[in-house]
Amino acid sequence: MNRRGPGLLGTVARTAVVAGTASAVSGRVQQRQQQRWGAQEAAAQEEAVQQQTPPAQAAPPAPPADDIIDRLERLAELKKQGILTDAEFEAQKAKILAV
């Protein structure tokens with residue numbers, strides 16, 4: 001018997017190996033791309049969220065002491081003129097001093 005090639009069975013086996021290798025490589029490439037794209041998407045979403053959310057701020061700065069004194073003096077004048085009752089004066093004074 002004189003054989004010229006691997007024969008039908010050998011060709012089928014070689015084709016199966018090549019196809020299996022190509023399929024495995026293709027699957028791995030696809031998996032890597034999905035991971036890469038997923039990471040890029042996650043980074044883009046995180047950046048979008050950060051842009052939408054203003055940075056956290058501490059308590060608002062306290063007004064200057066002169067401003068508080070002026071407001072208390074105006075409040076006292078309103079009470080003195082009879083525009084505010086004692087209870088209203090105390091409530092407003094507590095608000096001013098709480099700042």
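1. Confidence. This is a predicted model, and its chain averages a pLDDT of 81. Of the residues, 84% score at least 70. Among the elements, H1 has the lowest mean pLDDT, at 81. Helix H3, residues 86-98, has the highest, at 90. Where pLDDT is low, the predicted coordinates should not be read in detail.

2. Fold content. The chain has three helices and zero strands. Along the sequence the pattern reads α-α-α. H1 spans residues 7-52, and H3 spans residues 86-98.

3. Burial and surface. How much of the chain is buried? Buried residues come to 5% of the 99 residues. The chain exposes about 8,800 Å². Carbon and sulfur atoms supply 57% of that area.

4. Salt bridges. The count is two. One joins the side chains of aspartate 86 and lysine 79, at 3.3 Å from N to O. The other joins glutamate 90 and lysine 93, at 3.7 Å from N to O.

5. Lysine 79 is at 32%, so it is partly exposed.

6. Lysine 79 again. Which ring does the charged end of lysine 79 sit over? The ring is that of phenylalanine 89, with the charged end 4.8 Å from its centre. Lysine 79 therefore has two partners to inspect: the side chain of aspartate 86, through the salt bridge, and the ring of phenylalanine 89, with lysine 79 itself partly exposed.

7. The glutamate 90 and lysine 93 pair. Where do these two residues lie relative to each other? Both are in helix H3, three residues apart, so about one helical turn separates them. Glutamate 90 is partly exposed, at 42% relative accessibility. Lysine 93 is also partly exposed, with a relative accessible area of 27%.

8. Threonine 21. This residue is in helix H1. A polar atom of its side chain lies 2.8 Å from the backbone oxygen of valine 17. Threonine 21 has a relative accessible area of 45%, so it counts as partly exposed. Keep the helix in mind here: H1 is the element with the lowest mean pLDDT.

9. Aromatic pairs. How many aromatic pairs does the structure hold? It holds zero. The ring of phenylalanine 89 does have the charged end of lysine 79 over it.

Notes: Residues are numbered from 1 along each chain as its sequence is written. This is a predicted model: local features need pLDDT of at least 70, side-chain atom pairs count only at pLDDT 80 or more; totals for chains, interfaces and linings use all residues. Side-chain values use heavy atoms; hydrogens and water are left out. Rings of Phe, Tyr and Trp (its six-membered ring) pair if their centres lie within 6.5 Å; planes under 30 degrees apart count as stacked, over 60 as edge-to-face and the rest as tilted. A charge sits over a ring if NZ of Lys or CZ of Arg is within 6 Å of the ring centre and within 35 degrees of the ring normal. Helices (H or I, at least four residues) and strands (E, at least two) are DSSP runs, numbered from the N terminus. Buried means under 20% relative accessible area, exposed over 50%, partly exposed in between (1.4 Å probe, protein chains only). A polar contact is a pair of N or O atoms within 3.5 Å; within protein, one must be able to donate a hydrogen and the other to accept it, and residues adjacent in sequence count only if both atoms are side-chain atoms. pLDDT is the predictor's confidence in each residue, from 0 to 100. Accessible areas come from the Shrake-Rupley method with a 1.4 Å probe; for residues, only the protein chains shown count as cover. A salt bridge is a side-chain nitrogen of Lys or Arg within 4 Å of a carboxyl oxygen of Asp or Glu.
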